Amino acid sequence: PIVSSPGPSPDNPSWGPALAIGFWFLSVLLIVTVPALFLAPYALLYPVEGADAETVIRSLSTDPTAIMIQIIAVVPAHLLTLLIAWPLVTAGRRYKFFSSLGWRSGGMAWWHYVLILAGFFVVMAGVGSVFPEQENELTRILKSSRYAVFLVAFMATFTAPLVEEVIYRGVLYSALQKAVGMNSAIALVTLLFALVHLPQYYPSFSTMFLLTLLSLIRTVIRARTGNLLPCVILHTIFNAFQSLLLIAEPYIGIGNQAAETVSAIAVR
């Protein structure tokens with residue numbers, strides 16, 4: 001049974017760096033392999049007669065149905081990640097999951113969220129005006145169909161914030177800060193986050209900069225508050241607002257450049 005004693009705290013976790021890094025690696029593996037497994041049956045039946053594997057892969061990369069299958073498959077990948085995180089964080093159900101990660105709003109008032117988001121949007125607008133958004137994998141996905149936009153918006157709002165915060169600011173940061181200290185842990189978590197997302201956003205360096213900055217902000221919040229919940233709240237609010245803009249873009253006419261900037265940041 002789950003004990004009611006305090007047990008581990010967010011800054012004194014029951015898991016170590018080796019388990020945390022192993023979990024992080026497994027989460028990356030799941031986000032790559034699960035969509036590929038979901039796509040495999042469709043790819044085997046793909047109607048491109050006499051084409052070699054490279055041609056089929058190129059065709060699938062722009063096929064709206066194939067794209068939607070892979071987006072949908074991200075949700076089970078996220079659920080599997082949380083399922084694996086559960087025994088790790090609870091030490092085999094000995095401790096409470098959310099208490100071990102830090103699930104209270106301490107250290108953040110409502111106006112902190114407003115100030116952080118407003119400041120980040122100002123920076124985003126400035127960076128976007130100087131370094132225009134370049135087409136990348138995510139923008140191509142979002143341009144494939146309106147269905148893809150709605151699916152990405154759903155994932156960005158309802159699964160990505162929780163899963164990514166559990167991985168990076170929860171499991172990974174908690175173990176690293178205990179092993180190497182707060183500042184080094186902040187740098188390592190931010191770097192790992194950026195490296196994982198590099199293939200998705202290359203060659204859009206402005207997007208990578210903004211994503212890295214946003215990751216750094218959330219990691220600093222986790223370090224200063226000792227809680228994961230404020231990071232999840234900030235992540236969810238940001239993604240939800242961006243997703244709404246992305247969905248509304250054809251109706252409110254925010255412009256192609258603004259739409260591309262929104263779409264590039266929306267799911268993180």
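**Leu 79**

I started with Leu 79 and asked where it sits: Leu 79 is in helix 3. Helices here are DSSP runs of H or I with at least four residues, while strands are runs of E with at least two, and both are numbered from the N terminus. Is Leu 79 buried or exposed? Its relative accessibility is 54%, so it counts as exposed. The cut-offs I used are under 20% relative accessible area for buried, over 50% for exposed, and partly exposed in between, with a 1.4 Å probe and protein chains only.

**What I am looking at**

I noted that this is a predicted model, where local features need pLDDT of at least 70, side-chain atom pairs count only at pLDDT 80 or more, and totals for chains, interfaces and linings use all residues. Residues are numbered from 1 along each chain as its sequence is written, and side-chain values use heavy atoms, leaving out hydrogens and water.

I checked pLDDT, the predictor's confidence in each residue from 0 to 100. The mean for the protein chain is 87, and 90% of its residues reach 70 or more. I marked residues 255-260, where pLDDT stays under 50. For that stretch the model has 10 contacts beyond four places in sequence, a contact being heavy atoms within 4.5 Å.

**Two more single residues**

I found Phe 238 in helix 11, residues 229-252. Phe 238 is buried because its relative accessibility is 2%.

Ala 40 belongs to helix 1, residues 17-44. At 32% relative accessibility, I put Ala 40 down as partly exposed. Ala 40 and Val 171 have their C-alpha atoms 31 Å apart, at 131 residues along the chain.

I went through the loop between helix 3 (64-90) and helix 4 (97-101), which holds Ala 91. Ala 91 is not a glycine, yet its phi is positive, about 55 degrees. With 24% relative accessibility, Ala 91 is partly exposed.

Arg 93 is also in the loop between helix 3 and helix 4. I read a positive phi near 70 degrees for Arg 93, again in a residue other than glycine. Its relative accessible area is 46%, so Arg 93 is partly exposed.

**Helix 5 against helix 10**

How do helix 5 and helix 10 pack? Helix 5 (residues 110-130) packs on helix 10 at about 160 degrees, with the axes 10 Å apart. Axes are lines fitted to C-alpha atoms, for helices over the stretch in contact, and angles run from 0 to 180 degrees between N-to-C directions. The pair is therefore roughly antiparallel; under 35 degrees counts as roughly parallel, over 145 as roughly antiparallel, 65 to 115 as roughly perpendicular and the rest as oblique.

For the contact I listed Ile 116, Phe 120, Val 123, Met 124 and Val 127 from helix 5, and from helix 10 several residues including Phe 209, Leu 213 and Ile 217. By class I got 11 nonpolar, one polar and no charged residues for helix 5 with helix 10. Ala, Val, Leu, Ile, Met, Phe, Trp, Tyr, Cys and Pro count as nonpolar, Asp, Glu, Lys and Arg as charged, and the others, Gly among them, as polar.

**Helix 8 against helix 10**

Helix 8 (residues 160-180) packs on helix 10 (residues 205-225) at about 50 degrees, and I noted 11 Å between the axes. Helix 8 and helix 10 are therefore oblique to each other.

Which residues meet? Glu 165, Arg 169, Tyr 173 and Ser 174 of helix 8 meet Ser 215, Arg 218, Thr 219, Arg 222 and Ala 223 of helix 10. I sorted the contact of helix 8 with helix 10 into two nonpolar, three polar and four charged residues.
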